[in-house]
Amino acid sequence: MPEHSSQILRARSLQTPGFRGVARAMRQHLVMARITLAALLVAAGAAATLPGAAAPPCGSWEIEYALRANLKLTDTPLGQGDGVVQIGPGRVVLRFEDRGGSPGGAVQMRRYEMRDHFTVKTRTLFWNTVVENDTKTRATPDDKGVAASGVMNKQELVWSTPVRGYRVDGKITCTGSLCGKFGAPPAGTTEIHIGPNPVQFSSFGFGPDLKRLTMPYTFVTKTKMPKQTSYVELKGNEVRRTCLPP
């Protein structure tokens, strides 16, 4: 049969009532399948938002706290800088195990940082000096992102390891007659780098639902220039809580 004749026959066969009926039925079946799939997706989404629908489980909880702190200074040159100054803001990020849908159990410190900006003024019969401290303190997590580890004991977090890589970086500016003497920083602006060193934090105490935390005065650094011993007291409030999947 000539090729053009076979093409004409195929074209005519596509126009026969029987073939058109089959094609129409296939199209209707495809449309109904799409409608059914869309309805199932909508129903699944609605079920996920229904009151009482089961929420996905949490493998752990990550809570970030905004920090403010008091820094107590002792052993300063001639005792002229001894006292308590306010520092901050800062933040700490803690990762808790999930215990029955709530944070608890083992805890990891994932991040710690604090801005240390304060000024100490000394005015005596012989000395008139102003020291401005503009530094930042932070922890250095390991390759798994952990800076310290501990365990919850009721409303208290007891640290089982020191804070890893505790360091202070920034600058100190000294103006006045005491600069460069008795362990005071030299006149002008000096870069300062302390650490990194391990620092053992005191236990964190928590309020109801872990919304607030406190840490009593804890020794953190002792330096020869500037000559001083430092203790920090922490207070924090929760700003973010995230449920992490298992």
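Let me begin with Q228, which counts as buried because its relative accessibility is 17%, where buried means under 20% relative accessible area, exposed over 50% and partly exposed in between, with a 1.4 Å probe and protein chains only. The model before us is predicted, so local features need pLDDT of at least 70 and side-chain atom pairs count only at pLDDT 80 or more, while totals for chains, interfaces and linings use all residues. Residues are numbered from 1 along each chain as its sequence is written, and side-chain values use heavy atoms, with hydrogens and water left out.

Q228 belongs to strand β11, residues 227-244; strands (E, at least two residues) are DSSP runs numbered from the N terminus. Its side chain makes a polar contact with the side chain of S230 at 3.5 Å. By polar contact I mean a pair of N or O atoms within 3.5 Å; within protein, one must be able to donate a hydrogen and the other to accept it, and residues adjacent in sequence count only if both atoms are side-chain atoms. Setting aside neighbours within four places in sequence, Q228 is in contact (heavy atoms within 4.5 Å) with residues including L73, D75 and K222.

I turn now to the aromatic residues. How many aromatic pairs does a search of the whole structure find? The search finds eight. Rings of Phe, Tyr and Trp (its six-membered ring) pair if their centres lie within 6.5 Å; planes under 30 degrees apart count as stacked, over 60 as edge-to-face and the rest as tilted. F96 and F206 are edge-to-face, because their planes stand at 70 degrees, with ring centres 6.1 Å apart. This pair links distant parts of the chain, with F96 in strand β2 (residues 83-99) and F206 in strand β9 (residues 204-206), 110 residues apart. Both F96 and F206 are buried.

Y166 and F201 form another edge-to-face pair, 6.2 Å centre to centre with 70 degrees between the planes. Here Y166 lies in strand β7 (residues 163-176) and F201 in the loop between β8 (188-199) and β9. Y166 is buried at 6% relative accessibility, and F201 is buried at 4%. Ring pairs join Y166 and F201 with Y112, W159 and F204 in a cluster.

Finally, the nonpolar core: a set of buried Ala, Val, Leu, Ile, Met, Phe, Trp, Tyr and Cys residues joined through side-chain atoms within 4.5 Å. The largest has 44 residues, and L94 and F201 have the most contacts inside it. Strand β1 (residues 60-74) gives the most to this core, with seven residues.

Key:
Helices (H or I, at least four residues) and strands (E, at least two) are DSSP runs, numbered from the N terminus.
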